[in-house]
Amino acid sequence: MNVLKLFSVIAVITLFISCKKENTIIPNDTDGLISAKSISNATHNIIFYTQNGKFQQGYNKIFFQIKNLDGSLVTNATANWKPLMHMTSMQHACPYSSVSKSANSNSLYEGFIVFQMAGNSTEYWDLTIEYTIDNTTYTATERIDVEAVTKKNVLSFKGSDNVSYVLAMVAPSNPKVATNDMEAMLFKKETMMSYPVVNNYTIKIDPRMTSMGNHGSPNNVDLKQTSLNGSYFGKLSLTMTGYWKINLQLENESGTILKGEPVTATQESSSIFFEIEF
Ligand SMILES: [Cu+2]
């Protein structure tokens, strides 16, 4: 290959890369997202987005933008958040991630919050957001509506080790008649305010169709972590549409079952399970 040819190849590649870059960076940052809430203080409006425009019981992937009062977007903030539930007799937080800038976006920030309970008329969640722009720190707090769901997607329970756990289903969010990728997150309640990820456990699954003789499905794979402090991943086989009970057992790193029972002829259901209907 002569030098001229080489240069033209490099030029074409460079052009391709720069075009591609332009395409992936913000056509519109919030495409595919619906605003769920905006929280304001004297200097900014913070607009929260989710996939369905709601905060719901269970795992919520949440995005937000910070806008100046003139509507322009803040692009250089660092932020963190703190959900808090005000109950009649006490207050508690929930499992939540730190906040990071969304990839390929100038103005979008993201993370997750696992609301283990829904709000009601007398007990409610609020969300505090603290963010820093050019070395100045701002804060805003407002009440948010966390809707109840009809199918169990988050569980709080005490294990035989006397530890309180929160287990949340992340995926499948759109289940199919197929072997679905399944993802869950496991936390322990260290205090009312602190819910760190639990590492190196196994989440055993046994999906059953309760309306059809409690039949199961083939080729399920129990959930394991693929990285420290990360999610648990496995395979969930759903052989038909309808209501499925995903019976669960929580096994610690040494193979001891801390909660949940195997499904047998005489034991129709585990004491812990998720539900899916599609
Ligand atoms: Cu609560």
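The structure is a predicted model, in which local features require pLDDT of at least 70 and side-chain atom pairs count only at pLDDT 80 or more, while totals for chains, interfaces and linings use all residues. Residues are numbered from 1 along each chain as its sequence is written. The chain contains one helix and 20 strands; helices (H or I, at least four residues) and strands (E, at least two) are DSSP runs, numbered from the N terminus.

**Composition and contacts**

- Of the 278 residues in the chain, 29% are buried, where buried denotes 20 or more other C-beta atoms within 10 Å of the residue's own, with C-beta atoms placed from the backbone.
- Among contacts with a separation of 6 or more, 53% involve residues 24 or more positions apart; a contact requires C-beta atoms, placed from the backbone, within 7 Å.

- Strand S2 (residues 44–50) runs antiparallel to strand S4 (residues 58–68), and six bridges join them.
- In this pairing, Phe48 is placed opposite Phe64 in S4.

**Four-strand sheet**

- A further open sheet has four strands in the order S6-S5-S9-S10, again with antiparallel pairing.
- Its edge strands, S6 (91–92) and S10 (136–144), each pair on one side only.
- Nine bridges connect strand S9 (residues 124–133) with S10 in the antiparallel sense, and Glu130 stands opposite Thr139 in S10.

**Hairpin S16–S17**

- Strand S16 (residues 221–225) and strand S17 (residues 232–238) are antiparallel and joined by three bridges, with Lys224 opposite Phe233 in S17.
- The two strands form a hairpin with six residues between them, and Asn229 in the turn has a positive phi of about 65°.

**Nonpolar core**

- The largest nonpolar core comprises 58 residues, and those with the most contacts inside it are Val114, Ala168, Ala184, Met185, Leu186 and Ile203; such a core is a set of buried Ala, Val, Leu, Ile, Met, Phe, Trp, Tyr and Cys residues joined through C-beta atoms within 7 Å.
- This core lies between domain 1 (34–147) and domain 2 (154–277), because both give residues to it; the domain bounds come from an automatic or database domain assignment.
- Leaving aside residues up to four places away in sequence, Met185 touches Tyr59, Pro95, Val114, Ala168, Val170, Val197, Ser231 and Tyr232.

Methods:
Pairing = 2+ DSSP bridges. Buried ≥ 20, exposed ≤ 12 C-beta atoms within 10 Å, placed from the backbone. Contact = placed C-beta atoms within 7 Å.
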